[in-house]
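I opened this entry to note what I looked up, one item at a time. The structure comes first, then my notes.

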Amino acid sequence: KKLKRISHQASANCLNKVFLIEAELESSQGRLSFALSKYKASIAVAESEDFLHEQALALECAGQSLKKFGRDSDSLDYLTQAFHCYKRWGAKAKTKQMLHRYPALAGVVNPPILLQ
């Protein structure tokens with residue numbers, strides 16, 4: 001509630017985080033459709049404010065949630081977008097971690113990324 005209150009005063013900095021927290025709460029309670037709407041809102045706000053790393057995080061969390069609910073194809077779409085955001089942000093260790101954590105990414109990342 002406190003973060004939501006603060007988000008009204010500094011929405012550019014906080015609103016995407018509020019949506020992400022709400023999405024995670026909805027997902028943890030098994031309400032995927034509500035969670036997805038909150039993830040999408042978080043992603044959109046982060047993108048509009050040029051918070052690339054927070055956009056990537058919201059995309060990854062949405063992908064994980066979809067995977068948890070058995071929606072593997074949709075999950076892979078979100079995880080692929082997250083991977084590309086992390087890559088554009090320069091997070092080499094994170095992209096490497098994602099390739100290890102989500103092996104299906106290796107088949108869709110174009111061109112295949114060889115990380116040292």
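I began with Leu-59 and listed its contacts, leaving out residues up to four places away in sequence. In this predicted model, Leu-59 touches Ile-43, Tyr-78, Gln-81, Ala-82 and Cys-85.

Next I looked up the largest nonpolar core, which has 26 residues. Leu-59 is among the members that touch the most others, together with Tyr-39, Tyr-78, Phe-83, Tyr-86, Met-98 and Leu-105. H4 gives the most, with seven residues.

I turned to how H2 (residues 11-28) packs against H4 (residues 52-68). Their axes lie 11 Å apart, at an angle of about 10°. Angles under 35 degrees count as roughly parallel, so I noted H2 as roughly parallel to H4. On the H2 side, I listed Asn-16, Lys-17, Leu-20, Glu-24, Ser-27 and Ser-28 as making the contact. On the H4 side, I listed Glu-54, Leu-57, Ala-58, Cys-61, Ser-65 and Lys-68. Sorted by class, the contact has four nonpolar, four polar and four charged residues.

Last, I picked Glu-54, which is found in H4. Is Glu-54 buried or exposed? Its relative accessibility is 16%, and buried means under 20%, so I counted Glu-54 as buried. Leaving out residues up to four places away in sequence, Glu-54 touches Asn-16, Lys-17 and Ala-46. Asn-16 and Lys-17 are also on my list for the H2 side of the contact with H4.

Key. Residues numbered from 1 in each chain as written. Predicted model: local features only at pLDDT ≥ 70, side-chain atom pairs only at ≥ 80, totals over all residues. Heavy atoms only, no water. Axes fitted to C-alpha atoms, helices over the stretch in contact; angles between N-to-C directions. Helix = DSSP H or I, 4+ residues; strand = E, 2+ residues; numbered from the N terminus. Parallel < 35°, antiparallel > 145°, perpendicular 65-115°, else oblique. Contact = heavy atoms within 4.5 Å. Nonpolar A, V, L, I, M, F, W, Y, C, P; charged D, E, K, R; others polar. Core = buried A, V, L, I, M, F, W, Y, C linked by side-chain atoms within 4.5 Å. Buried < 20%, exposed > 50% of the residue type's maximum accessible area, 1.4 Å probe, protein only.
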